[in-house]
Amino acid sequence: MPARLRQKSPLAFLQPYLLIAPTLILVLMFNVVPAFRTVNDSLYKPARGLNAAGKPPDYVGVENFRDLFDDSHYMGGRFLRAFRNTIIFALATVCIGVPLGLLLALLLNRRQPLLGLWRFAVFYPSLLPLIGAASIWSFIFSDSIGLANAVLKTFGHPGLNWLGDRNLVLLSIIIVNIWKQAGYFMIFFLAGLQNIPRNIYESSSLDGAGPLEQFAYLTLPLLRRTVLFVVVISFTFAFQTVEQLQALGEGGPADSANLLLYLIFQNISERRNWGYVNAMTIVLIGVVLIFTLSNFLLFERDETNR
Amino acid sequence: MIDKNVLRQRFAEALKAALAIIFLLPLFFTILVSFRPEAEPVTNGNIFFGSEITLDNYERALVIAPWSLHYINSFIFVAGTLLVQLITVTIAAYAFARMNFIGRDILLLIILLQLMIPSGVLLVQNFRTINMLGLFDTRTALMIPYWGSAFGLLLLRQTFREVPIELEEAARIDGANLFQVIRHVYVTNSIPAYLAFALVSVSSHWNEFLWPFIITRSEEIRPLTVGLNKLIKTTDQGAFYGQLMAGTLIVIAPLVILFLLFQRQFVESFARSGIR
């Protein structure tokens, strides 16, 4: 009753808006408005307002985008390579990292001695700063004194140029990423497994189902949502990866292992390329948007159905 | 039949041990190399220990960057971000959870855009905004894009909705004003959600590299990750890996120790940051 009375005064009308104002203004300032400005600036060359000489920027329409998707253009070649690499990087992480995360969760789901220690062993990489993880692996992959080659040499192999061979750098970065993410994926699978009622398994083993059948016909279908979620976040992470490259080859020889956001970062101080930087950002946002949006729709719908 | 089960159990144990060892190897060798003399790389025959255990690498790593300063900077960055987040997120979550107002759904949708367009990918434009505000190379510039958090808002809105409305009504009858209601009814009943949010926020900003690297110049305010980058770049020329590993351990130690102490909370918070 008193609440209803209060709502009639103008202050009470404004109250909710005042409460959400800080969050709303910050999101508009650092997410929404810059996104629209990126769209606008991607149509200019170089981007609007950045000309020290006072020369107005040229409106070029979608020319920046056309250049990006032109393999013979100096920026297009780099962009297409980085784009392709990012997709390979994401796919490899999903195909190896996600099953590995699930395997770890299955192994570490039950109560067992030293559980904390086991979980630490596989989860600690995801807590490290990416730049720290990359730094560790820069030693492992280093050409002459690295651990990876030391191991290869004990097996009589001459050793590989992990960060210098253009066919290998991307693989090296993928290995680091899987090592870094698998434990993080495990967390979601552990949470998913805990939501599966125990008695389902009991009744199915009474029916004679072995562990493999139980996994294929019970666990996996019940974890469908979690699997989907993990796949989506690993894709969006892949498109935002930068730090690994900073310590591991900086995009590799001739961009052989460059990723999209790192290419953007490399060009952030190249004023003449800002039109391209904005256009690349649009592509990047587009991809991230598609993944997070599908995630959101999938799970929101599931929430409302329950 | 029993034999088969035992066998399966053994196999699972062996697999688990093998995976754990593979995951731990990088950390293990990082520690080893940091205590080996620089001139004795692991490829020189002896893979585990060098001719002596030395602290030289740590001494040299400590000289390259002002680590204690970077520690303080990282702490200020993380704490300053979290403190403001807690306030903005709490009041907005209350409004979205319990108030009716015109445009509520559309405004929520706008805020949720943050989850779909993370500020981290808008480097160029946000760099410009910070410059226009005259905030370049300040602590505020580091924190300000994170002061509004759609993730925190969603998490707390959900939690607040589960608080029985009768508690609020009772508090109102007792004469509590809006802020007292939020503080004593909603905040006190949502502590686990706050803890989850705090752990996720702290660990992600403690590890943040790109934004601090771009938006600051002065050593005096740069966080640990940027200091480590400097060490990596110094090492590039001479391949002083002992020194680099020592520096890396200096940087990663606190979070690893924190995790060892609060493992359960970390695992639960990270799980919450995803699905529900």
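1. In this predicted model, the contact between H4(A) and H11(A) brings together Thr86(A), Phe89(A), Ala90(A), Thr93(A), Val94(A), Gly97(A), Val98(A) and Gly101(A) from H4(A) with Val227(A), Val230(A), Val231(A), Ser234(A), Phe235(A) and Ala238(A) from H11(A).

2. The crossing of H4(A) and H11(A) is right-handed.

3. Helix H11 of chain A, residues 224-238, also packs against helix H8 of chain A, residues 169-194, with the two axes 10 Å apart and an angle of about 155 degrees between them. An angle over 145 degrees counts as roughly antiparallel, and H8(A) and H11(A) are therefore roughly antiparallel to each other. In this pair, H8(A) passes H11(A) in a right-handed crossing.

4. Which residues of H8(A) and H11(A) meet? From H8(A) come Gln181(A), Phe185(A), Phe188(A), Phe189(A) and Gly192(A), and from H11(A) come Thr226(A), Phe229(A), Val230(A) and Ser234(A). The residues of this contact divide into five nonpolar, four polar and no charged. When reading the two lists side by side, please note that Val230(A) and Ser234(A) are among the residues of H11(A) that meet H8(A), and that Val230(A) and Ser234(A) are also among the residues of H11(A) that meet H4(A).

5. Elsewhere in chain A, Asn149(A) is found in helix H7, which runs over residues 147-154. Is Asn149(A) buried or exposed? A residue counts as buried if 20 or more other C-beta atoms lie within 10 Å of its own, and Asn149(A), with 22 C-beta neighbours inside 10 Å, therefore counts as buried. Asn149(A) and Leu160(A) are 11 residues apart in sequence, while their C-alpha atoms are 6.5 Å apart in space.

6. Turning to the contact between the chains, chain A contributes 75 residues and chain B contributes 77 residues. On the side of chain A that touches chain B, helix H2 of chain A, residues 10-41, gives the most, with 17 residues. The residues of that side of chain A divide into 56 nonpolar, 15 polar and four charged.

7. The domain assignment of chain B gives domain 1, residues 2-60, and domain 2, residues 66-274. The centres of these two domains of chain B, taken over C-alpha atoms, are separated by 34 Å, and nine residues of domain 1 of chain B are in contact with eight residues of domain 2 of chain B. To the side of domain 1 of chain B that touches domain 2 of chain B, helix H1 (2-34) and helix H2 (56-64) of chain B each supply at least two residues, and H1(B) gives the most, with four residues. The residues of that side of domain 1 of chain B divide into three nonpolar, three polar and three charged.

8. A last point concerns Asp137(B), whose place is in the loop between helix H5 (123-132) and helix H6 (139-143) of chain B. Although Asp137(B) is not a glycine, it has a positive phi of about 65 degrees. With 15 other C-beta atoms within 10 Å, Asp137(B) is partly exposed, because this class lies between the limit for exposed residues, 12 or fewer, and the limit for buried residues, 20 or more.

Definitions and conventions:
Residues numbered from 1 in each chain as written. Chains lettered and ligands numbered in written order. Predicted model: local features only at pLDDT ≥ 70, side-chain atom pairs only at ≥ 80, totals over all residues. Domains from an automatic or database assignment. Contact = placed C-beta atoms within 7 Å. Nonpolar A, V, L, I, M, F, W, Y, C, P; charged D, E, K, R; others polar. Axes fitted to C-alpha atoms, helices over the stretch in contact; angles between N-to-C directions. Parallel < 35°, antiparallel > 145°, perpendicular 65-115°, else oblique. Left-handed = near helix turned anticlockwise from the far one by under 90°.
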